[in-house]
Amino acid sequence: MSYTALYRKFRPSTFEEVKGQDHIVQTLKNQIHANRIGHAYLFCGTRGTGKTSVAKIFAKAVNCEHPVDGSPCNECDVCKGINTGSFMNVIEIDAASNNGVDNIRQIRDEIQYTPSSGKYTVYIIDEVHMLSIGAFNALLKTLEEPPSYVLFILATTEPHKIPITILSRCQRYDFKRISIDTIAGRLMELMEKENIEVEEKAIRYVAKAADGSMRDALSLLDQCIAFYLGQKLTYDNVLEVLGAVDNEIFSQLTRCVIEGDVVGCIHVLDEMVMQGRELGQFVNDFIWYLRNLMLIKTSENASDVIDASTERIQALKEEAQMVDTDTIMRYIRIFSELSSQMKYSSQKRVLIEIALIKLTKPAMENDIGSLNNRMTIVEKKIESGDIVTTAAAGGEAKKEQPKPKKVFAKPVPADIQEVVNNWGRIKRHISNPYKTYLENARFSVKGEDTLLIVFAPGSIGYEGSNKPEVIEMLTNLISEEIEKQVKVEMTILENNQNFGDYFMEVVSKINMEVEEEDF
């Protein structure tokens, strides 16, 4: 006897065997109990969630001679005939290949005849969204007022393509994606029936890879069992067959990215390529890993919604302390763009390498997220004092010794004017991104000895520059230039303010009198 695929062998035959769709199953059973059966049903949902299976069970249940709690008995002649496909009054139609007007007209002609056995003639039209406009129009009148013994069940993965005139004539049921726990539980149950030894961790990975589809899960599991026939199916076996990557690799890659280690990232990628991993799957799985990292970073109870071991969650928490939320979102954006680019590229590895270099080198991009990432890196270096130079002899890196500060006389407002006049020379010593932030700032005088740097409303320069280390850097540069200890303060205007109304701006012209404001 030929082998039967798992998803066919274990297709549900009663409502009780349907997993993850309790809200639909209970409603249909109640209708059968109360004899309130409609004339047209629309089953919507992603692939492999049970639409066609439930349609067949419902067709059996409404025709069953001895229903059990609303479910078919699978023992009477009608149930056996439907199971074997010999029952003439349950007709399955594939709308993808029977989508013309003539096909629907044939249905309209056939429904004039009462069922030869059973109570109802049931038409199950799969992928109904594939019908042509003419076919939908031909179906309209029949669907609205069919004979009392005719029942239509329409199934589709794309309900938005169905005309509203058809939708309004049907009872609509939306099939949900099946949870990982539900799929894993069903797979373990079936493996016990098949006497196949398998690790729970392997089952859960297959359930996750199925993306809410029970049929996909059974097909993937079938593939893994066939590859390791007669052996215990382990987690590593599943990764090998599906071309997937262990989360430990993603953890290693993430730490290399955070540390800016380009060579380390390329080595990790090279290792996966040599193992024959599927690169498209790797990109999608890494996006998912970053998603988990972002949840850990932004929520205290994220571990409740992340399907991972305690050890893996602890590693995620450690990595979350090493990076800020904006940077994680930047990582996700870059790899999401990469995912769409890889569909049309023959050089997938090169695209991944470019994306990894972008992650580790935010200076390659000029968007706000990259600027924030660069600022974070600079701030960490300043906080740790990690400013190094290479020694001329021996090649050893030493921390740069700060120069002793000179003591200068207090300035007068005229000295503030001198700062502005010499700003061009001062600015040459300011590193990016702070030079960019100060580009559009304006200068004013506060009190006797304070240079006030004023930013326009909504300027990102204020947030990036108004930090103690930046103000200290500007104070030192100014003192070196004019030999006066000038205080520096920063402020930002309100939305309804402008420079001229609230601050006396310093005009950068030599020997021009500078007016002073008190704040």
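**Notebook: a parallel sheet, its rings and its helices**

I began with two strands: β2 pairs with strand β3 (residues 121–126) in the parallel sense, over 5 bridges. Strands count as paired if DSSP finds at least two bridges between them. Helices (H or I, at least four residues) and strands (E, at least two) are DSSP runs, numbered from the N terminus.

I noted what I was looking at. This is a predicted model, in which local features need pLDDT of at least 70 and side-chain atom pairs count only at pLDDT 80 or more, while totals for chains, interfaces and linings use all residues. Residues are numbered from 1 along each chain as its sequence is written, and side-chain values use heavy atoms, with hydrogens and water left out.

**The sheet**

I followed the strand order next. The open sheet has 5 strands in the order β2-β3-β4-β1-β5, with parallel pairing. Its edge strands are β2 (90–94) and β5, each of which pairs on one side only. From one strand to the next the twist averages 15 degrees. Axes here are lines fitted to C-alpha atoms, for helices over the stretch in contact, and angles run from 0 to 180 degrees between N-to-C directions.

**The rings**

I counted aromatic pairs and got 14 in the structure. Rings of Phe, Tyr and Trp (its six-membered ring) pair if their centres lie within 6.5 Å; planes under 30 degrees apart count as stacked, over 60 as edge-to-face and the rest as tilted. I checked Phe-43 and Tyr-173: the ring centres are 6.0 Å apart and the planes stand at 85 degrees, so this pair is edge-to-face. Phe-43 is in strand β1 (residues 40–44) and Tyr-173 in strand β5 (residues 171–174), so the pair ties together parts 130 residues apart in sequence.

Are these two residues buried or exposed? Phe-43 is buried, at 0% relative accessible area, and Tyr-173 counts as buried at 10%. Buried means under 20% relative accessible area, exposed over 50%, and partly exposed in between (1.4 Å probe, protein chains only). Ring pairs link Tyr-41, Phe-43, Phe-58, Tyr-173 and Phe-175 into a cluster.

**Helix α2**

I then found helix α2 (residues 22–34) lying across β1 and β5, at about 150 degrees to β5. His-23 belongs to α2 and is partly exposed, with a relative accessible area of 35%. Leaving out residues up to four places away in sequence, His-23 touches Asp-174 and Lys-176; contact means heavy atoms within 4.5 Å.

In helix α11 (residues 235–242), I found 6 of the 8 residues buried. Among them are Tyr-235 and Leu-242. The buried residues of α11 pack against α9 (200–209), α10 (214–227) and α12.

Which residues of helix α15 (residues 310–320) are buried? They are Arg-312, Ile-313, Ala-315, Leu-316, Glu-319 and Ala-320. These cover an arc of only 160 degrees around the axis, which puts them on the same side of α15. The arc is that of the directions from the helix axis to the C-beta atoms. I noted the general point that an α-helix has 3.6 residues a turn, so residues three or four places apart point the same way. The face of α15 turned away from its buried side carries exposed Thr-310 and Glu-311. The buried residues of α15 pack against α12 (247–258) and α14 (279–298).
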